[in-house]
Amino acid sequence: MIGSLFKKLRGVFQIKKLLGVCQTARTYNSTVVQIAGNNSGNIVFSDGNAIEALKALNEVLKVELDKKRIEIAEYEQQRKTHEKIILNLSESKQNNELPAKDVDAALQAIIDSGDVDKARMLLSQLIEDNADTFLKQAEYYYQRGSLTYLQDSKQTLNDFVRATQLNPEHISAWTMSGHIYDRIGQLDNALQTYQHALSLAEKAADNEAQAVSYGNIGVVYKTQGELDKALEYYQKSFEFNESLGIKEGMANQYGNIGIVYDTLGELDKALEYYQKSLEINESLARKEGMACDYGNIGVVYKKQGKLDKALEYYQKSLEINESLGRK
């Protein structure tokens with residue numbers, strides 16, 4: 001599921017990790033930070049600023065997804081990292097590792113305008129304070145890079161690379177480095193980085209990370225025009241997602257496979273896979289995916305000369321996009 005689900009749960013903000021889904025609830029605003037675990041493995045916040053800051057970060061991220069400047073896998077990775085960043089800052093406030101007034105100021109800046117500069121400075125301080133603890137430093141570098149992921153490719157890449165140097169097994173840092181290389185057009189570097197992330201995921205027997213890595217590699221091969229290889233890796237990603245029951249991932253890869261067949265001119269196969277993607281997205285009420293699928297199906301019908309059907313599906317895509325405000 002894309003985005004966060006908001007509901008009231010006795011005034012407590014809970015984040016529950018379930019196949020990448022972030023379930024959240026609003027709380028009463030509080031100047032006191034209380035963080036604890038419960039028997040369900042949830043992380044519990046009761047700091048109103050932390051909650052609002054997390055929402056603000058994720059809203060900016062959602063806009064970039066809607067504009068298709070980032071892929072769904074990138075969105076999910078970033079959203080999870082936002083969760084960790086806010087938790088980290090809140091814990092540092094509670095444990096007096098960082099001054100409470102500085103943490104509050106950083107969170108308020110994010111809430112007010114999406115400004116992450118103060119939060120970056122706090123993470124820089126934690127990097128300095130943990131110079132002798134490489135794994136902690138690596139995570140703070142990764143989180144600092146994640147804060148500027150949408151704005152500053154150079155600085156973000158430097159932070160991600162430093163995280164991998166300090167912790168060579170940091171799969172997320174390798175993956176996000178690959179996304180930056182892809183964004184700036186260094187496709188060979190992106191491919192090597194994604195392949196390294198895949199090898200780490202295989203070593204750790206992390207099936208979800210393998211699914212993501214196979215999909216990322218497929219994207220690079222697709223961009224490079226190596227469509228047979230792209231198809232191979234999309235299929236591998238699909239198989240992992242299917243085995244894990246991650247329907248969103250299955251829908252994404254059906255769509256990617258459809259795009260490859262569309263590019264190859266195999267329109268019947270393209271239509272078959274777009275429709276498979278649509279079926280899953282409809283079952284999940286995943287409107288962003290449905291809009292994309294309807295548009296892709298319309299493209300195929302147009303290429304086939306079935307203009308009435310093309311018009312029908314373009315109209316369906318338009319209606320969903322209008323309802324979501326996706327200009």
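Me: Is E52 buried or exposed, or something in between?
Reply: E52 is partly exposed, with a relative accessible area of 25%. Buried means under 20% relative accessible area, exposed means over 50%, and partly exposed lies in between, using a 1.4 Å probe and protein chains only. The structure is a predicted model, in which local features need pLDDT of at least 70 and side-chain atom pairs count only at pLDDT 80 or more, while totals for chains, interfaces and linings use all residues. Residues are numbered from 1 along each chain as its sequence is written, and side-chain values use heavy atoms, with hydrogens and water left out.

Me: What does the side chain of E52 meet in a salt bridge?
Reply: The partner is K55, at 3.6 Å from N to O. A salt bridge here is a side-chain nitrogen of Lys or Arg within 4 Å of a carboxyl oxygen of Asp or Glu. K55 is partly exposed too, at 23% relative accessibility.

Me: Where do E52 and K55 lie?
Reply: Both belong to helix α1 (residues 48-66), and they are 3 residues apart, about one turn of the helix. Helices are DSSP runs of H or I with at least four residues, strands are runs of E with at least two, and numbering goes from the N terminus.

Me: Why can such side chains pair?
Reply: Side chains of opposite charge can pair when their charged atoms come close.

Me: How many salt bridges are found in the whole structure?
Reply: The search finds 15. One of them joins R79 to E76, with the closest N and O atoms 2.7 Å apart. These two residues are 3 residues apart in helix α2 (residues 72-94), so about one helical turn separates them.

Me: Are R79 and E76 buried or exposed?
Reply: Both R79 and E76 are buried.

Me: And which residue does K276 pair with?
Reply: K276 forms a salt bridge with E272, and their closest N and O atoms are 3.3 Å apart. The two lie 4 residues apart in helix α12 (residues 267-283), about one turn of the helix. K276 is partly exposed at 27% relative accessibility, and E272 is partly exposed at 36%.

Me: Which residues are linked in a network of salt bridges?
Reply: R120, R144 and D159 are linked in that way.

Me: Changing topic, what does S146 touch?
Reply: Leaving aside residues up to four places away in sequence, S146 touches Q78, T81, I85 and F160. Contact means heavy atoms within 4.5 Å. S146 is found in helix α5 (residues 134-147) and is buried, with a relative accessible area of 2%.
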